[in-house]
Amino acid sequence: MMFAVAAFAVLVSLGLAVIRALAGPTVFDRMVAANTIGNGAILLLAVFGFLTERPEFLDIGILYALLNIVGTIAVLKYFRYGDLGHRGGEEPSQ
Amino acid sequence: MVLLTLMALVVIGVVRLRNLFAVVILSSAYSFLMASVLIVLDAVDVAMTEAAVGAGVSTVLMLAALYLTKVEEAAPRHTPLLPMFVAVVIGAALVYGSVDMPNFGDAFTPVNTHVGSGYLVRSIPETGVDNVVSSVLASYRGYDTLGETVVVFTAGIGVLLLLRRNKRSRSKD
């Protein structure tokens, strides 16, 4: 019961994040919303694992977290330097 | 299903938006939603692949492609009626095809009675892998998976080489 309520709450938060991702006026709103959707996917994975009494899928949640960071950092790096191959560490030249 | 509704909303957003940067971000979010749906459907391996490829790698590749083009999508020059017609016809055909499909989880379909049950019985004593899908992917179809990995690896090398070459020619100017 507790896990079902938690899963429902995660679904609601996913819905709110999707609304923000669709409505977000700036790119950063959308990016934070996409990151939140990734986190919601991790939480949903964990909660669903416990809901169906097979919590061994928790490991995959770690993989999701890593991938979430990859996407976010790629977007931010692109936004900051305009180039994914940039070495970083200095101010953008433009 | 709530997740599918959210996915549909995200897809509508992807179609409507003209800012390709936002589209890339939304498609990453779409991949995570898709992975969640696949987990609910108990296909953990596919969900893992979807998250890795859809949310991780393809976001980076799309951004790399965005670097070579403009951020804003150009307005379409032709009327969307013919593509719309084709899409509707193909969608109707797919729906018509899915009418004949067996119910989800039906245990008495040919899929579940011919070969699949044999694998379900044999996989754990033969391979020792707990998840049957994983055992089929990594053990029974090991060479196939190896070939797929080689293909993806080669494609990755090709993309890396292309991007590297572009960077060098740019620094010469």
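Author: A:Phe50 is partly exposed at 35% relative accessibility, a class lying between buried (under 20% relative accessible area) and exposed (over 50%), with a 1.4 Å probe and protein chains only. This is a predicted model, in which local features need pLDDT of at least 70, side-chain atom pairs count only at pLDDT 80 or more, and totals for chains, interfaces and linings use all residues. Residues are numbered from 1 along each chain as its sequence is written, chains are lettered from A and ligands numbered from 1 in the order in which they are written, and side-chain values use heavy atoms, with hydrogens and water left out.

Rings of Phe, Tyr and Trp (its six-membered ring) pair if their centres lie within 6.5 Å; planes under 30 degrees apart count as stacked, over 60 as edge-to-face and the rest as tilted. A:Phe3 and A:Phe50 are stacked, at 5.5 Å centre to centre and 15° between the planes. A:Phe3 belongs to helix H1 (residues 2-23) of chain A and A:Phe50 to helix H2 (residues 27-51) of chain A, so the pair ties together parts 47 residues apart in sequence; helices are DSSP runs (H or I, at least four residues), numbered from the N terminus. A:Phe3 is likewise partly exposed, at 31%.

A:Tyr64 and B:Phe32 form an edge-to-face pair, with 5.8 Å between centres and 70° between planes. This pair crosses between chains, from helix H3 (residues 58-81) of chain A to helix H2 of chain B. A:Tyr64 is buried at 0% relative accessibility, and B:Phe32 is buried at 1%. Of the 21 residues of H2(B), 16 are buried, so this helix is largely enclosed by the rest of the structure.

Conventions
Helix = DSSP H or I, 4+ residues; strand = E, 2+ residues; numbered from the N terminus.
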